[in-house]
Amino acid sequence: MPAALGGLTVDRRRFLFAVAATGAAALPFVPRPAKAQSRTAVVDLWRSRIGAILARGGLPIIDMQATYLAETNIARMIEFMDRLDVALIAFAPANAPNSQPSLALHGRYPDRFIPTTNSGEFPRWWNNPAAFLAGVKNELKSGQYFLMGEHEFRHYPSPEQVQAGQSQRDITIPIDGPAGDALFRLGEDSGVPFQIHYDVEDRLLPPFEAMLTRHPKAKVIWCHLGMVRYPDRAKLYGPAYVRGLIERFSGLHFDLAVPAPNNIYRPSGARDSTIYRDGKLDPAWRDLLETHADRFVVGSDYRLPIEARYGDNIERVRSLILAALSEPTRQAIAYGNAWRLTTGSAWTA
Ligand SMILES: [Zn+2]
């Protein structure tokens, strides 16, 4: 959005000016290592960072869903991370020819950012998913990536796009077509988890279940738990349906990147965050999170137009979701499950 981008530019200039005035030593800059570190070394760095937050009584969060652009104000994100006990962010690059920007960011701050392949939220994915995934397949061979970004199969225009009168991100790519097949197969063959954006419609559920049946080893993260933008089209979906899926498909996970309880999706007029009731986590959804505590992760859905709201979004996950859960469930959802999905092993201090 021009207004938001304009504001960001000013902030960034101010920041750069402040750095020039005070000297770059104030920046928490970790020099880029001469060559890529081993996965073990990287995982050790992450363990230390999480351990340090736990040691001072904090609840570390691994933010598994965030979109990275060249304009992202990393210094500001680092401030957010330190203030909010966000241990790690999986930044998936958008509007880039490949996933390299995520690796470069990780190279500068190896203890903070999870190397993540391209986000499928921009035209290179919609226009040619086969080429997009061929690139990702090649990149995964390096062994340096821990997660694949969010791939849009059904996506209604985002709130920012609605506000701007744009509908170019009304996306439909059949999940059981060639693109879905290539992604699920890549996930299964590589063992690397991947994220999907799949706005809920009853008619879209059978093909999704067919894919989960066909690719039982794929680690799928279905983003935005309980986000329903057209309730008339999604009568089957709810905590009971999700429970059924979880019990049938052991690789299926969900992230908690959801709008605020009172948010209205303007095109339909629906209150789209259905995991809340009366401003609190709905008991039926809370029971599901408790019963299947190993299937949910935190995501901020960070994107540039809402950068300033990152703190509010993380605080809301903490106060409305994590605080409503038992201690073991809270630990699993805040970082334990994300740790297991990205590193391949259960969390140990
Ligand atoms: Zn999404």
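A crossing of two helices is left-handed if the near helix is turned anticlockwise from the far one by less than a right angle. This term is needed for the first of the close-up views below, which are drawn from a predicted model.

**Figure 1. Helix 10 and helix 11 cross with a left-handed sense.** Two packed helices are described by the angle between their axes and the distance between the axes. Helix 10 (239-248) and helix 11 (residues 283-291) pack at about 15°, and their axes are 9 Å apart. Angles under 35 degrees count as roughly parallel, and helix 10 and helix 11 are therefore described as roughly parallel to each other. On the side of helix 10, the contact is made by P239, V242 and R243, and on the side of helix 11 by A284, W285 and L288.

**Figure 2. Strand 6 is largely enclosed by the rest of the structure.** Strand 6 covers residues 194-198, and five of its five residues are buried. A residue is counted as buried if 20 or more other C-beta atoms lie within 10 Å of its own. Both faces of strand 6 are covered: one side carries F194, I196 and Y198, while Q195 and H197 lie on the other, and all of these residues are buried.

**Figure 3. Strand 6 pairs in the parallel sense with strand 4 and runs parallel to strand 7.** Strand 4 (residues 148-155) and strand 6 are joined over five bridges. Strand 6 and strand 7 are joined by three bridges, and F194 stands opposite V220 in strand 7. Between these two strands the chain passes through helix 9 (residues 205-214), and this β-α-β crossover is right-handed.

**Figure 4. Three strands form an open, parallel sheet in the order 1-2-3.** Strand 1 (61-68) and strand 3 (113-115) stand at the edges; each has a single partner strand, so one side of each is left without a neighbour in the sheet. From one strand to the next, the twist averages 35°. Strand 1 and strand 2 (residues 86-93) pair in the parallel sense over six bridges. Within this pairing, I61 stands opposite V86 of strand 2.

**Figure 5. H224 and its positive phi.** The phi of H224 is near 70°, a positive value in a residue other than glycine. H224 is found in the loop between strand 7 (220-222) and helix 10. With 26 C-beta neighbours inside 10 Å, H224 counts as buried.

**Figure 6. D301 and its positive phi.** D301 is not a glycine, yet its phi is positive, at about 60°. The residue is found in the loop between strand 13 (296-297) and helix 12 (310-321). Because D301 has 22 C-beta neighbours inside 10 Å, it counts as buried.

Figure 7. The chain has 349 residues, of which 39% count as buried. Of the contacts in the chain with a separation of 6 or more, 78% are accounted for by residues 24 or more positions apart.

Methods: Residues are numbered from 1 along each chain as its sequence is written. This is a predicted model: local features need pLDDT of at least 70, side-chain atom pairs count only at pLDDT 80 or more; totals for chains, interfaces and linings use all residues. Two strands pair if DSSP finds at least two bridges between them. Helices (H or I, at least four residues) and strands (E, at least two) are DSSP runs, numbered from the N terminus. Axes are lines fitted to C-alpha atoms, for helices over the stretch in contact, and angles run from 0 to 180 degrees between N-to-C directions. A residue is buried if 20 or more other C-beta atoms lie within 10 Å of its own, exposed if 12 or fewer, and partly exposed in between; C-beta atoms are placed from the backbone. A crossover is right-handed if, with the strands pointing away from the viewer, the path from the first strand over the helix to the second runs clockwise. Two residues are in contact if their C-beta atoms, placed from the backbone, lie within 7 Å. Angles under 35 degrees count as roughly parallel, over 145 as roughly antiparallel, 65 to 115 as roughly perpendicular and the rest as oblique.
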